[in-house]
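Have a look at the picture first, and then we'll go through it piece by piece.

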Amino acid sequence: MEKANHILKGLGYSYIITLAILLGYNGVLTFTDLSANSIAMVTSLITTSSAAFGGLYASRKIQEKGLL
């Protein structure tokens with residue numbers, strides 16, 4: 001049960017990070033003249049990096065090698 005708890009915490013952290021950064025990026029797009037052509041690339045980068053953070057967090061807490 002302890003493993004599942006850490007995995008769910010990592011998942012929650014990755015959702016929170018994704019939401020916070022996407023809201024910040026939305027604010028930047030709204031209040032500046034930044035081109036909307038970069039939306040797909042930036043959202044992919046944000047989602048991938050926050051998922052990686054959540055996975056790293058979970059693997060460190062359960063003390064396993066994760067992707068390795």
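## Starting with L11

Is L11 buried, partly exposed or exposed? L11 counts as partly exposed, because its relative accessibility is 39% (buried means under 20% relative accessible area, exposed over 50% and partly exposed in between, with a 1.4 Å probe and protein chains only). You'll find L11 in helix 1.

L11 also belongs to a nonpolar surface patch with L8 and Y15, and together they have about 340 Å² of accessible area. Patches are made of residues with over 30% relative accessible area and no salt bridge: like charges are joined within 9 Å, and nonpolar side chains (Val, Leu, Ile, Met, Phe, Trp, Tyr) within 5 Å. A salt bridge is a side-chain nitrogen of Lys or Arg within 4 Å of a carboxyl oxygen of Asp or Glu. Accessible areas come from the Shrake-Rupley method with a 1.4 Å probe, and for residues only the protein chains shown count as cover.

## Where the numbers come from

This is a predicted model, where local features need pLDDT of at least 70 and side-chain atom pairs count only at pLDDT 80 or more, while totals for chains, interfaces and linings use all residues. Residues are numbered from 1 along each chain as its sequence is written, and side-chain values use heavy atoms, leaving out hydrogens and water.

## The whole protein

The protein has two helices and zero strands (DSSP runs numbered from the N terminus: helices are H or I with at least four residues, strands E with at least two). Its C-alpha trace spans about 45 × 20 × 10 Å along the principal axes. Of the 68 residues, 16% count as buried.

## S14 and its contacts

S14 sits in helix 1, which covers residues 2-31. S14 counts as buried, because its relative accessibility is 8%. Apart from neighbours within four places in sequence, S14 is in contact with S50, A51 and G54 (contact means heavy atoms within 4.5 Å).

## A pair of rings

How many aromatic pairs are there? The count comes to one. Y13 and Y57 form this edge-to-face pair, with 5.0 Å centre to centre and 80 degrees between the planes. Rings of Phe, Tyr and Trp (its six-membered ring) pair if their centres lie within 6.5 Å; planes under 30 degrees apart count as stacked, over 60 as edge-to-face and the rest as tilted.

Y13 lies in helix 1 and Y57 in helix 2 (residues 39-61), so the pair ties together parts 44 residues apart in sequence. Y13 is partly exposed at 35% relative accessible area, whereas Y57 is buried at 17%.
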